[in-house]
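Please load the model in a viewer and follow the selections below in order. Each stop names what to select and then describes what is found there.

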Amino acid sequence: MQKQSLIAGKVIKEINTKKIKIKPRWIFVFGTTLAVLGVVVSMASSAVGLYLLQFALLHPGRGADRKLDYVLSTLPWYVLPLSLVSMAVGWHLLKKFDFSYRKNRLVVTALFILGIALGVAMIPLTNLDDLLYARGYYRSALTSDIITNNPSTLKPNAVEALSRALDDEYKALATYDAIIKKFGTVRPFSQIIQSEETHISSLLGLYEKYGLTAPDNPYLGKITAPETLSLACSLGVKAEVANAELYKTELIPQVAEYPDITTVFNNLMDASQSKHLPAFSRCR
Amino acid sequence: MVDKNITDNALSIQLQSGNLTALTALINRYEKPLLRYATHLGCSEPEDSVQETFIKMYQNINSYDPTRKFSSWLYRLAHNHTISRLRSRHLTLPFADYLDSWLVSNDTDPLDTLATTSDLLHCLPKLAPHYRAPLTLHYLEDKSYQEVSDILRLPIGTISARINRAKKIMRSICKNNH
């Protein structure tokens with residue numbers, strides 16, 4: 001029998017009288033898993049918050065001075081504080097990790113920041129921004145402006161520009177729909193069609209705002225898909241180039257006196273150029 | 001009777017399966033060093049603190065990874081527990097009698113340039129805890145920088161810097177005391 005010291009005796013006695021148990025291993029595994037999840041979630045929420053901020057800053061269009069305030073006011077109030085708190089929590093959890101003190105703190109910090117930056121960059125690449133849009137996080141920023149125009153003042157040339165923009169987006173949606181029906185759910189069409197729905201939704205928001213009646217999509221089911229996927233991609237490139245040109249040279253000048261419509265048009269043009277065009281160029 | 005040659009890791013594995021003899025053996029091995037360490041940190045009731053540390057050790061033994069050094073894990077528990085006790089009770093006590101007895105029983109002065117036991121007794125308690133802990137672990141508990149780093153969960157560079165800084169502060173404090 002092991003000879004007990006005084007402290008050992010007291011410890012054994014306390015364990016027996018208070019029926020103290022050894023905590024099962026799963027509790028510690030669970031704790032570690034939660035900590036890892038915490039870091040991942042904190043990085044993801046930081047990335048979303050920063051992406052929204054980036055969106056506000058990089059898509060100023062007209063009325064830029066008030067745009068940021070507007071976007072922030074349309075976000076749930078907790079998004080930005082949450083992203084900052086998440087960053088702090090993630091950093092704290094990383095520091096608490098068993099390994100972290102053995103690593104170079106600069107490297108851990110750099111990786112943490114890089115992870116968040118990568119997350120911000122991945123949001124548009126994975127079309128997560130469309131999902132955010134669908135959740136309404138910055139729909140208002142796309143479809144309206146802080147300057148409220150009186151619907152009755154929308155001039156005929158602006159109505160026409162709106163109509164042509166919607167027509168162009170309708171045509172694109174119907175074309176990609178025909179391609180998906182023919183070739184199946186293939187990228188990038190499967191992603192871009194969601195984006196087109198988003199664009200249409202933005203334009204319909206303007207229709208609603210100005211009390212206009214929007215037509216239904218006249219092209220759905222009436223467009224024939226190209227013979228091959230490669231041809232379809234080439235067609236996509238041409239369509240996106242033409243779309244950007246249309247906005248730039250014709251539609252945006254037509255709505256110059258309406259900052260809200262201009263902002264939407266600018267955003268749609270940017271999406272076409274920075275997201276759709278590169279995607280089609282890669283698949284060609 | 002537990003074989004004296006049996007390693008801490010082997011005992012910890014036995015303890016993970018609920019063997020109370022292994023618990024007794026581990027307590028017998030670490031009771032004195034932990035009492036000394038808790039005292040050095042300024043704990044006025046080191047027995048209570050160490051007893052609670054051993055109960056925590058028993059409860060949390062499954063969080064111990066046997067590929068790591070057991071003593072570092074246990075010292076870490078003791079450190080955290082003692083510090084939280086001190087914080088919750090706002091306890092700070094002059095450097096303990098343990099140091100005195102340790103210095104008397106050792107021929108070499110761990111801090112080289114500090115000449116007398118009396119100097120140390122006057123100076124050490126005035127050190128901030130974040131300097132006192134690495135200094136105590138390294139010089140009085142004979143832990144390597146790596147072990148101190150594992151116990152305090154701080155990078156080795158920080159440990160090294162804190163020990164050097166602590167020695168300078170000690171010299172300064174002792175000088176002013178003369």
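Begin with the contact between the two chains: select the 32 residues of chain B and the 25 residues of chain A that take part, contact meaning heavy atoms within 4.5 Å. This is a predicted model, in which local features need pLDDT of at least 70 and side-chain atom pairs count only at pLDDT 80 or more, while totals for chains, interfaces and linings use all residues. Residues are numbered from 1 along each chain as its sequence is written, chains are lettered from A and ligands numbered from 1 in the order in which they are written, and side-chain values use heavy atoms, with hydrogens and water left out.

Chain B and chain A bury about 2,700 Å² between them, 57% of it on carbon and sulfur atoms; buried area is the accessible area (1.4 Å probe) that two parts lose on being put together, summed over both.

Next, on the side of chain B that touches chain A, select helices H1 (8-16), H2 (20-40), H3 (46-59) and H8 (145-152), the elements of chain B that give two or more residues to it. Helices are DSSP runs (H or I, at least four residues), numbered from the N terminus. H2(B) gives the most, with 9 residues.

Within helix H3 of chain B, select B:Thr53. B:Thr53 counts as buried because its relative accessibility is 1%, the limit being under 20% relative accessible area (1.4 Å probe, protein chains only). Leaving aside neighbours within four places in sequence, B:Thr53 is in contact with B:Leu34, B:Leu74, B:Leu77, B:Ala78 and B:His81.

Finally, select helix H4 (residues 70-89) of chain B, where 15 of the 20 residues are buried.

Methods:
Buried < 20%, exposed > 50% of the residue type's maximum accessible area, 1.4 Å probe, protein only.
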